[in-house]
Protein chains: 2
Amino acid sequence: MPKSLRSPRHQRFLAELISLRKAKGLTQAQVAEKLGRPQSFVAKYEGGERRLDLIEFLDVTTALDADPCKILSSLRS
Amino acid sequence: MPKSLRSPRHQRFLAELISLRKAKGLTQAQVAEKLGRPQSFVAKYEGGERRLDLIEFLDVTTALDADPCKILSSLRS
DNA sequence: GCATCATATCCCAAACTGGGATAATCCGAA
DNA sequence: TTCGGATTATCCCAGTTTGGGATATGATGC
């Protein structure tokens, strides 16, 4: 796993994304489909194997039908 | 400039960060100082030479004393 | 056990990053 | 104008990260 993805905040962020996905009853493959990406893409960012930049993050929140601001506020530190 | 950083949304995002920095009367070096990074770090992300992941983005908004949610909303597409 | 769905990992060439040094630009004062 | 300091952009390139199809591993029900 890349060095930069081990911080507690990042961990919380990932946990939040996973939790949101499951709350919507979506699989990684379904999210990947909405994003037009392979399932391994979702597996990687959820697993902290790959970073999401801001635009990708917005795309993911759209796919999850989630509010990006709420997620950000859960990351305030 | 890396391929993935050329989208119009990303461009708007960068323009927003630059605009915010200048509105605060800060130089790249001052922002870099707050971030504990070299000036070239700021020059690179502002120039689209490097991506910011979500955590880095939050750190930058903190350094700029800006509201991350407002920035996100300016990126709605 | 076995089928099926879901998630994690492999592989490795291609793409991206770090950051000190240095070049290029900007800008106000004289 | 021209000069000089302040500010921003670019260089370099080894080390790190990413893409995504294929495949392994794990979870669940029967």
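Colleague: Which atoms of Glu49(A) lie 3.0 Å from a phosphate oxygen of DNA strand D, backbone or side-chain ones?
Modeller: A backbone N or O atom of Glu49(A) lies at that distance from the phosphate oxygen, and a backbone N or O atom of Arg51(A) lies 3.1 Å from a phosphate oxygen of DNA strand D. A polar contact here is a pair of N or O atoms within 3.5 Å; within protein, one must be able to donate a hydrogen and the other to accept it, and residues adjacent in sequence count only if both atoms are side-chain atoms. Please keep in mind that this is a predicted model, in which local features need pLDDT of at least 70 and side-chain atom pairs count only at pLDDT 80 or more, while totals for chains, interfaces and linings use all residues. Residues are numbered from 1 along each chain as its sequence is written, chains are lettered from A and ligands numbered from 1 in the order in which they are written, and side-chain values use heavy atoms, with hydrogens and water left out.

Colleague: And what does Gln39(B) do with its side chain?
Modeller: An N or O atom in the side chain of Gln39(B) is 2.9 Å from a base nitrogen of DNA strand D.

Colleague: Which helix gives the most residues to the surface near DNA strand D?
Modeller: That is H3(B), with four residues, where near means that a heavy atom of the residue lies within 4 Å of the strand, and where helices (H or I, at least four residues) and strands (E, at least two) are DSSP runs numbered from the N terminus.

Colleague: What about chain A by itself, how many helices has it got?
Modeller: Chain A comes to five helices and zero strands, and 42% of its 77 residues count as buried, meaning under 20% relative accessible area, with exposed over 50% and partly exposed in between (1.4 Å probe, protein chains only).

Colleague: Why does its radius of gyration agree with a compact globule?
Modeller: Because a compact globule of 77 residues would have a radius of gyration near 11 Å, and chain A has 12 Å; the radius is taken over C-alpha atoms, and the globule rule is 2.2 Å times the number of residues to the power 0.38.
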